[in-house]
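Hello,

Here is the structure I promised to pass on to you. Please have a look at it, and then read on for what turned up in it.

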Amino acid sequence: MNHRMRAESPILIAFYSRSGVTRQVAQALAQALHADLLPIRDVRSREGTIGYVRSALEATHGTLPEIAACGRDPREYDLVVLGTPVWAGHMASPMRTFLHRYGAGLQRVAAFCTMSESGADGAFGDIRALTGTELEGTCSFTDRQVFGNEHLAAIAAFASELEGRTAPTPPRPAAPDGRHAAM
């Protein structure tokens, strides 16, 4: 018999961040939702100009770079919120690798992205395609908004929207005497 451990929180924020901007948003959103955080980590460095160019090329070509092991199974969460920077109009390639591994098994998905100016639609389209599902909600942030702390109100609104869509906790089974069984 397979006994899978239940996630600590019904919500997981899985994110990739090259520069730290997406990480800032993910941390604030996780705090607002009381969600677990799962950083997606590169195995190879993306530092400097060469790393920047490689990132853009991988995004436009749909490359699947190697990522570190996740340490937890995102398929055990009721809702997974994916966070990614926008690279050349697409999601970051490490997020693409993550979704190739786990995307089809995710129950419910929402997403946010960070970007210099625009391009959220392309990233959200990539996520829809790799998860095979409609997104529960989306939100995008420019780097300028994050650096100026102008993103906090949008995070609060996005968190509120997602909380309204979180599946209710199923009732505990009743014991033979009619009282609720202890968990």
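The buried residues of α3 are S93, P94, M95, R96, T97, F98, L99 and Y102. Here buried means under 20% relative accessible area, exposed means over 50%, and partly exposed is in between, with a 1.4 Å probe and protein chains only. Because 8 of the 10 residues of α3 are buried, this helix is largely enclosed by the rest of the structure. Its buried residues are covered by elements including β1, β2, α2 (48-61), β3, β4 (90-91) and α4.

A word on the basis for all this: the model is predicted, so local features need pLDDT of at least 70 and side-chain atom pairs count only at pLDDT 80 or more, while totals for chains, interfaces and linings use all residues. Residues are numbered from 1 along each chain as its sequence is written, and side-chain values use heavy atoms, with hydrogens and water left out.

**The whole chain**

The protein chain has 6 helices and 6 strands. Helices (H or I, at least four residues) and strands (E, at least two) are DSSP runs, numbered from the N terminus. In order from the N terminus, the elements run β-α-β-α-β-β-α-β-α-β-α-α. Of the 183 residues in the chain, 44% are buried. Contact means heavy atoms within 4.5 Å; among contacts between residues at least 6 apart in sequence, 76% join residues at least 24 apart.

With 5 of its 5 residues buried, β1 is largely enclosed by the rest of the structure. I11, I13 and F15 point one way from this strand, L12 and A14 point the other way, and all are buried.

Two strands pair if DSSP finds at least two bridges between them. β1 and β3 run parallel and are joined by 5 bridges, with A14 having L82 as its bridge partner in β3. β1 also pairs in the parallel sense with β2 (residues 36-39), over 4 bridges, and there I13 stands opposite L37. Together, β1, helix α1 (residues 21-33) and β2 form a right-handed β-α-β unit. A crossover is right-handed if, with the strands pointing away from the viewer, the path from the first strand over the helix to the second runs clockwise.

Elsewhere, β5 and β6 (residues 138-142) pair in the parallel sense over 5 bridges, and F112 stands opposite C139 in β6. The chain crosses from β5 through α4 to β6 in a β-α-β crossover that is right-handed.

**Two nonpolar cores**

A nonpolar core is a set of buried Ala, Val, Leu, Ile, Met, Phe, Trp, Tyr and Cys residues joined through side-chain atoms within 4.5 Å. Which members of the largest core, with its 29 residues, touch the most other members? They are A14, V80, L82, M95, F98, L99 and I127. The elements giving two or more residues to this core are β1 (11-15), β3 (79-87), α3 (93-102), β5 (109-115) and α4 (120-131). Apart from it lies another core of 21 residues, among them I13, A35, A110 and F158.

M95 of the largest core touches A14, F15, Y16, I40, L82, G83 and T84, not counting residues up to four places away in sequence.

P74 is found in the loop between α2 and β3, and is buried, with a relative accessible area of 0%. Leaving aside neighbours within four places in sequence, P74 is in contact with L12, V80, F98, Y102 and L106. The C-alpha atoms of P74 and A14 are separated by 8.0 Å, although these residues are 60 apart along the chain.

Most residues other than glycine have a negative phi. H34, in the loop between α1 and β2, has a positive phi near 55° and is exposed, with a relative accessible area of 63%. N149 lies in the loop between α5 (143-147) and α6 (152-165); phi of N149 is near 55°, and N149 is partly exposed, with a relative accessible area of 48%.
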